[in-house]
Amino acid sequence: MSTPEHLLPPPPACPCVILIGMAGAGKSTVGMALAQSLGWAFMDSDYLMEALYADRLQAVTDALSKEAFLDLEAVMLGSIRVQRTVIATGGSAVYRPQAMAHLASLGPVVFLDVPLETIEERIARNPDRGLAIAPGQTLADIFYEREALYSHYATLRCDARQKTPQQCARWIAAHLPPLPGQPAA
């Protein structure tokens, strides 16, 4: 059986770039800028969760226990099969090793490191952003809990405290390992 002429052969394998960090770190904004600079697609896993469940992320997190949400998120992250895509993950992606192993298999993992004070300010401006937080936990609790996990899983750490999203995207692009199909930085 022959292949229809309108189907293109798959491109050579090309990794993704995965962004991790707290809610409010700027993963989506930086990710869109990075994807544009690389000429790649952009995917936000929080939006993917919203599309899968046809509801706001906060409504999904409110309907489930923290552990159930983290398990659901891990299954969704483990199902991602893309190339040449910058993926902004939910801040809680790092809680499930199997999800992070899958994401790391897709390409370099970049930690957008932003101080707690900035995260608090940004979340206060957008309180419906959807946080996986257990009853009794504070934003500071999850910030410090996740900080070690972000550092553990990161291939690169971008200190974003004094950088605009565009500066972060340029810094990341300049510090990525050589990627197939991309000109050298």
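## A chat about a predicted model

Biologist: Hi! Which residues in strand 3 point one way, and which point the other way?

Modeller: Thr-85 and Ile-87 point to one side, while Val-86 and Ala-88 point the other way, and all of them are buried. Please keep in mind that this is a predicted model.

Biologist: Thanks. How many bridges join strand 1 to strand 3?

Modeller: Three, and the two strands run parallel. Strand 1 covers residues 17-20. Within that pairing, Leu-19 stands opposite Ala-88 of strand 3.

Biologist: And how many bridges join strand 2 to strand 3?

Modeller: Four bridges there, again with a parallel run. Strand 2 spans residues 41-44. As for partners, Phe-42 has Val-86 in strand 3 as its bridge partner.

Biologist: Staying with Val-86, how many residues in sequence lie between it and Trp-40, and what is their distance in space?

Modeller: Trp-40 and Val-86 are 46 residues apart in sequence, and their C-alpha atoms are 7.0 Å apart in space. Trp-40 has its place in the loop between helix 1 (27-38) and strand 2.

Biologist: Is Trp-40 buried or exposed?

Modeller: Buried, because its relative accessibility is 8%, and the cut-off for buried is under 20%.

Biologist: Let me zoom out. How many helices and strands does the protein chain have?

Modeller: Eight helices and five strands. Starting at the N terminus, the elements go β-α-β-α-α-α-β-α-β-α-α-β-α. The protein chain has 185 residues, and buried ones make up 44% of them.

Biologist: Now helices. What span does helix 4 reach from its first C-alpha to its last?

Modeller: Helix 4 reaches 18 Å with its 13 residues, which is close to the 18 Å expected at 1.5 Å a residue.

Biologist: Which residues are buried in helix 4?

Modeller: Lys-66, Phe-69, Leu-70, Glu-73, Ala-74, Met-76 and Leu-77. Looking down the axis of helix 4, these buried residues fall within an arc of 165°, so they line one face of the helix.

Biologist: Why would residues a few places apart in a helix point the same way?

Modeller: An α-helix has 3.6 residues a turn, so residues three or four places apart point the same way.

Biologist: Tell me about Met-76 then. Why does it count as buried?

Modeller: Met-76 counts as buried because its relative accessibility is 5%. Met-76 belongs to helix 4.

Biologist: New topic: which residues of strand 5 are on the covered face?

Modeller: Leu-156 and Cys-158, whereas Arg-157 and Asp-159 are on the uncovered face. Four bridges join strand 4 to strand 5, and these two strands run parallel. Cys-158 in strand 5 is the bridge partner of Leu-112.

Biologist: How many cavities of 30 Å³ or more does the structure hold?

Modeller: One. The largest cavity has about 50 Å³ of space.

Biologist: Which residues line it?

Modeller: The lining of the largest cavity is Met-22, Ala-25, Phe-111, Leu-112, Asp-113, Val-114, Ile-119, Phe-143, Glu-147 and Tyr-150. Strand 4 (109-113) and helix 7 (139-153) are the elements that give two or more residues to this lining.

Biologist: How many of the lining residues are nonpolar, polar or charged?

Modeller: Eight are nonpolar, none are polar and two are charged.

Biologist: Last thing, backbone angles. What is phi at Ala-54?

Modeller: Phi of Ala-54 is about 50°, a positive value although Ala-54 is not a glycine. Most residues other than glycine have a negative phi. Ala-54 is in the loop between helix 2 (45-53) and helix 3 (57-63), and it counts as exposed because its relative accessibility is 71%.

Biologist: And what is phi of Arg-84 near?

Modeller: Near 50°, also positive in a residue other than glycine. Arg-84 is in the loop between helix 4 (66-78) and strand 3 (85-88). At 32% relative accessibility, Arg-84 is partly exposed.

Conventions:
Residues numbered from 1 in each chain as written. Predicted model: local features only at pLDDT ≥ 70, side-chain atom pairs only at ≥ 80, totals over all residues. Heavy atoms only, no water. 1 Å grid on protein atoms, 1.4 Å probe; cavity = no way out; pocket = protein on both sides within 12 Å on 5 of 7 lines; lining within 4 Å. Points joined across faces, edges and corners; volume = space filled by probe spheres on them. Nonpolar A, V, L, I, M, F, W, Y, C, P; charged D, E, K, R; others polar. Buried < 20%, exposed > 50% of the residue type's maximum accessible area, 1.4 Å probe, protein only. Pairing = 2+ DSSP bridges. Expected span 1.5 Å × (residues − 1). Arc of directions from axis to C-beta.
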